[in-house]
Amino acid sequence: MDKINLEKIANQVRKDIIELIYKAGSGHPGGSLSSVEVLVSLYFGIMGERDKFFLSDGHVCPALYSVMAEKGLIAKEKLSTYTELGSELQGHPERTKLKGIMNTSGPLGLGLAQAAGYAVFAKDAYVYCMTSDGEHDEGNHWEAVNFAAKYKLSNLIQFVDRNRVQIEGTIEEIMPLGNLKEKYEAADWNVIEINGHDFEEIDAAVEKAKSDKSSPTVIIANTTFGKGVSYMENNPDWHAKAPNEEEYKKAMEGLV
Amino acid sequence: MMKSIRDGFGEALVELGEKNPDVVALTADLADSTRVKGFADKFPDRFFQVGVAEQGLVTIAAGMAEAGKIPFASTYAVFSPGRTWEQIKVTAAINNVPVKIVGAHAGFGASMYGATHESLEDIALMRVIPNMVVISPCDYEEAKKATMAAGLNGKPTYLRLSRHDSPVLTKPEDSFEVGKANVLHEDKNPKVTIVGTGPILSEALYAAKELEEGGVGVVVINLHTIKPIDEQTLVRFAKITGAVVTVEEHQVIGGMGSAVAEVLAKNFPVPIEFIGVRDSFGESSKTPDELWKKFGLKKENIIEAAKKVILRKSSQ
């Protein structure tokens, strides 16, 4: 798909995210907005029929649900049922409730391990996983990093949504990650660093990842927390907060 | 005859691997002592050594189950489910995929290593999670059957294994069905039902023998599956005997006895005495038997509890 169309979809997804969180009165806008381009790229171009996607930072599910709705995997009218009793669209995604997703997520640090376990038995496909930089605090995540390198899971491609914010503040304040690129290199991963809002860079990174036949790849996608909503950008207050009516209107105006 | 439960598991896992190519095994640097080494040697491509990384062990196994495999994830019970409870809840149970959590050296199995390595809470941890099946075989033969059954049940399952050689209480031809308790011993005119799980059932059988020598008839139930629990058998013998003693190598709080009490309180309340560890940690000893004595899990304790519960029944 061409860049203009992808940008249109991304803009619509951002509107859906704001709408969904506003109507539900809860949700995680900051990380949802930062992860849009990667998710849109995966669902509208990168992923082939056999390929699989594991979302690790499940709190950004407003973005996942909106992208799946754009793709026709979720009926659009269902988006408004997010967090309602009985909805397929749980506050955090659940494998047994929503058709088409691989894993239950929300508790952090568990997604890469499942993607890696899956990738062992899916050598004829690519297994994609999106993680947040905040969840790199979790030990479980690094256990999976070691495993993927040991078993040379070159079909495993991880995107880190590097938005530099976690719940209570910036990554630098709460728990600095040091040089993430060098950490992964030291763990024998193939590392690519990109602007996570640039569709061409995302595509090129995946192509490069596919050319490495011996190591798993991490694509560190540098993003802006709250991307596209001026007052949310880089402001940790918007990790898990729904906009009020005035804020909602302001956000939507900025997204036309 | 003395044989170890973990050996029964290890041998059955190889057999299961031969029968079903989807069976895979993972361990956290404990292939030998959890007895998955036989499987690893036979099926090197289906064996995964994850290192000392129990959280990874369980969550990687969950990913494999999502890919259609039947992973057996083994380490000591203190580490998994001990350390991995939330990973099991989210990635095995909420996902509802057939990950097999193999908790080795359960109970006082690692007595020489002290309280940190003694798993007296794992039944409580596992039975509280929806979708989980909890199986605690009592001997070598039953461990084999339990392993085969767990491998084929399609559900997230906890397999509780002990380390030491223990008496073989069941026969190869005895039936084994997950969720169906077995009657190990039944007197014609029983006055008390002893419900046990795991190798501590040998003490229950010794107690039954001595009680019957003293004229007190006993039924001994092997509750090898703690979840789903066999309500029918428990209620049936509660009605016949009107008194129950539960016996487990585990904390009384939240354990197998608690599960029995939940069933009987709802369906047919009778006096119950609980043999198990009473809200304390274990400690080092050369053999588990010394700790069974210290924490009151022996034949003598069971006999005393049986007499007490019969008295309680008759004073009602």
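Two strands count as paired if DSSP finds at least two bridges between them, and strands themselves are DSSP runs of E with at least two residues, numbered from the N terminus, while helices are runs of H or I with at least four. Before you click, note that this is a predicted model, where local features need pLDDT of at least 70, side-chain atom pairs count only at pLDDT 80 or more, and totals for chains, interfaces and linings use all residues. Residues are numbered from 1 along each chain as its sequence is written, and chains are lettered from A in the order in which they are written.

Start by selecting residues 127-132 and 156-162 of chain A: these are strands E2 and E3, joined in the parallel sense over 6 bridges. Zoom in on A:Met130, and you will find A:Phe159 of E3(A) opposite.

Now widen the selection to the open sheet of 5 parallel strands, ordered E1-E2-E3-E7-E6 in chain A. Strands E1 (52-55) and E6 (190-195) of chain A stand at the edges with a single partner strand each, so one side of each lacks a neighbour in the sheet.

Finally, show the contact between the chains (C-beta atoms, placed from the backbone, within 7 Å): 21 residues come from chain B and 23 residues from chain A. On the chain B side, helices H3 (54-66) and H4 (85-94) each give two or more residues, and H3(B) provides the largest share, 9 residues.

Note on methods. Two residues are in contact if their C-beta atoms, placed from the backbone, lie within 7 Å.
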